[in-house]
Structures are given as structure tokens and as C-alpha cells.
Amino acid sequence: MPESVSPASALPMLILRVLQTGGLHGYAIAQRIHLLSSEVLAVEEGLLYPTLQKMLLKDWVEAEWGISETNRRVRFYRMTAKGRQQLKRELVSYDRVNQAIRDILRTA
């Protein structure tokens with residue numbers, strides 16, 4: 001059974017990383033995260049779309065309407081220059097926190 005993305009604050013970083021290779025619609029973003037995590041992580045729609053909306057407002061992503069592979073009208077999201085800068089900040093912060101957790105687990 002896939003785990004929900006936790007903490008939720010990691011979701012914008014994961015979305016930006018997935019969008020680094022090109023634009024995708026919401027469902028494809030969730031599927032890509034699921035596949036790249038070896039099917040460990042699952043992104044629920046109730047978390048994905050509000051996160052994408054917040055990212056739009058922060059200008060980390062931009063969106064345009066298009067037609068999906070299944071002939072449905074969907075929004076395609078692309079990372080912006082601000083999004084690329086934010087991804088760099090997120091990765092540095094993640095590395096710092098991840099190292100701190102490993103330090104605690106190793107020494108406690």
C-alpha cells in the first residue's frame with residue numbers, strides 16, 4: 001500500500017523536481033511521483049491540486065489548458081524561473097534536515 005507524501009511540505013519540492021523535465025498535467029504529476037518513488041509514495045488529489053494552486057499563486061509554476069492523452073481537458077503545469085530557484089532552496093533545506101535526522105539516528 002503506497003504511503004501518502006509526508007510531510008506535506010515535501011510535496012512542492014517533489015512537484016517541482018518532476019516538472020524539471022517538462023510540463024505535465026496534475027494526474028501525470030501524481031503518477032510520476034508514484035512511479036519514481038518505486039510506488040512507495042502516493043499523492044492524493046485533495047492535496048495535489050491545492051498545492052498546485054498555491055504554487056501558481058507564488059509563480060513557481062504556470063499552467064495552460066490542453067487535452068490529455070485520454071482526450072480530456074486538463075491543465076498542464078510547467079516550472080517557472082522562480083520555481084527553479086525555489087527547487088534549489090528546497091533541495092538545500094531538505095539535505096540539511098535529512099542530514100540532521102541521520103545524525104540523530106546514528107548517535108542517539
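Colleague: Before we start, what does "partly exposed" mean here?
Modeller: Partly exposed is the range between buried, under 20% relative accessible area, and exposed, over 50%. Keep in mind that this is a predicted model. Arginine 78, at 32% relative accessibility, counts as partly exposed because that value lies in the range.

Colleague: Okay. How many salt bridges does the structure hold?
Modeller: The structure holds three.

Colleague: Which side chain does glutamate 62 meet in a salt bridge?
Modeller: That's arginine 78, at 2.9 Å from N to O. The pair links distant parts of the chain: glutamate 62 is in strand β4 (residues 61-67) and arginine 78 is in strand β5 (residues 73-79), 16 residues apart.

Colleague: And which residue does glutamate 64 pair with?
Modeller: Arginine 78 again, with 3.5 Å from N to O. Here too the pair links distant parts of the chain, 14 residues apart, with glutamate 64 in strand β4.

Colleague: Switching topic: what does arginine 106 form a salt bridge with?
Modeller: With aspartate 103, the closest N and O atoms being 3.2 Å apart. They sit three residues apart in helix α4 (residues 81-107), so about one helical turn separates them.

Colleague: Is arginine 106 buried or exposed?
Modeller: Arginine 106 is exposed, with a relative accessible area of 60%, while aspartate 103 is partly exposed at 27%.

Colleague: Last one: which residues do shared partners join into one network?
Modeller: Glu62, Glu64 and Arg78.

How values were computed:
Residues are numbered from 1 along each chain as its sequence is written. This is a predicted model: local features need pLDDT of at least 70, side-chain atom pairs count only at pLDDT 80 or more; totals for chains, interfaces and linings use all residues. Side-chain values use heavy atoms; hydrogens and water are left out. A salt bridge is a side-chain nitrogen of Lys or Arg within 4 Å of a carboxyl oxygen of Asp or Glu. Helices (H or I, at least four residues) and strands (E, at least two) are DSSP runs, numbered from the N terminus. Buried means under 20% relative accessible area, exposed over 50%, partly exposed in between (1.4 Å probe, protein chains only).
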